[in-house]
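Hi everyone, thanks for coming. Let me put the structure up, and then we can walk through it together.

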Amino acid sequence: MVNRGTEIIGKTFDYTNEDVFPVWVRTELSKPGPYNDKTKQWLMENGLVFCEVVLGNSASDRICRAMYSGGFLGWGDVDNWIGNRGQGAIREAVSAMQALINRLEVCSKWIADFLTTKYRNRQNDEKRFVIKDLGAGCGSYAFRTLDILRSRGEIDLNWIDWQCLEIAEDAICYGTKRLKESPYEGIISFNKCNFLSQDSYPENPDERGDLTLLIGIICAMSVEQSENCLQKIVPHTKEGSSLLITTLSSLAFEENPKMFRVLVNLGWGLQPKTYDEVVNLVNETDWAIKWTGSERRDLRTGAEIPGEYIMVHGVLQ
Ligand SMILES: C[S@@+](CC[C@H](N)C(=O)[O-])C[C@H]1O[C@@H](n2cnc3c(N)ncnc32)[C@H](O)[C@@H]1O
């Protein structure tokens, strides 16, 4: 498979008109990577997202968290450049930040609809519905989905057991604080573990998931690593249970090449995939694809169109 991350480093783009950067930085950015230390230093000191990436926190929930809250405002010009970068070639203006925000809304609504159907079809003696949110960060999807369900008022939220499994302490701390201030104590929980390690996340036959979420997790994995990840989680899931994957599409790099090129050059090992690559990799595992989608809608017709993220609903065969 093409490694689009490595590929984009080798490409050159013209940053001459990107006036958020001083002229010497524009010149450096326009050269083939990797960047020299002086350029890296400038980027680090002038952009919070760049700083996180250089410090090795690229896949951290901190970046997602700030984007979901529209928190770029006030961060400074360079972060605003990242947030607002990109122009959808075809139907709508697209920024990486907007795509992430849309991803949160679209996936949460999908999960809310899914849970509502499952709730209506449940047996009376059924146990709580277990959601394994792998790499949940601070639980953004849990809070958003439960807010949607709460406003609809159709299901007893106590039926849901939303387990946020996360390796990063800061995300868990932030999520736990948020939980205490929310109406969802006893519904959402946070557990610190590495879900890919048996020692850290041992199998428990009484605690298998009815729905597993892998949102923003395989974006930086190769096809092989992604397949491996999908297989590793199988022992933690019930037979016939569901999986929702959301991952970065190759369209993201096509729409925002200058922005992604800087991030990748600074060390973010993103591996965006085509739709076919994602479908094929899932087909190599025990998960059968039920549905695929994206976070983007055509502004005029409302129809779903390819976006910066590919969503897949799989069922364990
Ligand atoms: C890009 S963030 C996505 C967070 C959340 N799913 C979202 O989309 O808002 C990826 C998260 O996965 C966590 N993570 C990555 N690998 C993990 C692992 N093996 N075990 C537990 N957490 C992991 C990271 O710490 C980070 O918080």
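Which residues come nearest to the ligand? This is a predicted model, where local features need pLDDT of at least 70, side-chain atom pairs count only at pLDDT 80 or more, and totals for chains, interfaces and linings use all residues. Residues are numbered from 1 along each chain as its sequence is written.

So, to the ligand: Asp61, Gly135, Gly137, Ile167 and Gly216 come nearest, out of 19 residues around the ligand; a residue counts as near if its C-beta atom, placed from the backbone, lies within 6 Å. Helix H5 (61-68) and strand E2 (160-166) each give two or more residues to that shell. Helices here are DSSP runs of H or I with at least four residues, strands are E runs with at least two, and both are numbered from the N terminus. By class, the shell holds eleven nonpolar, six polar and two charged residues. Ala, Val, Leu, Ile, Met, Phe, Trp, Tyr, Cys and Pro count as nonpolar, Asp, Glu, Lys and Arg as charged, and the others, Gly among them, as polar.

Staying with H5, its axis comes within 9 Å of that of helix H7 (residues 96-120), and the two cross at roughly 90°. Axes are lines fitted to C-alpha atoms, for helices over the stretch in contact, with angles from 0 to 180 degrees between N-to-C directions. H5 and H7 are therefore roughly perpendicular, a label that covers 65 to 115 degrees.

Pro34 sits in the loop between helix H2 (23-29) and helix H3 (37-46).

Note on methods
Parallel < 35°, antiparallel > 145°, perpendicular 65-115°, else oblique.
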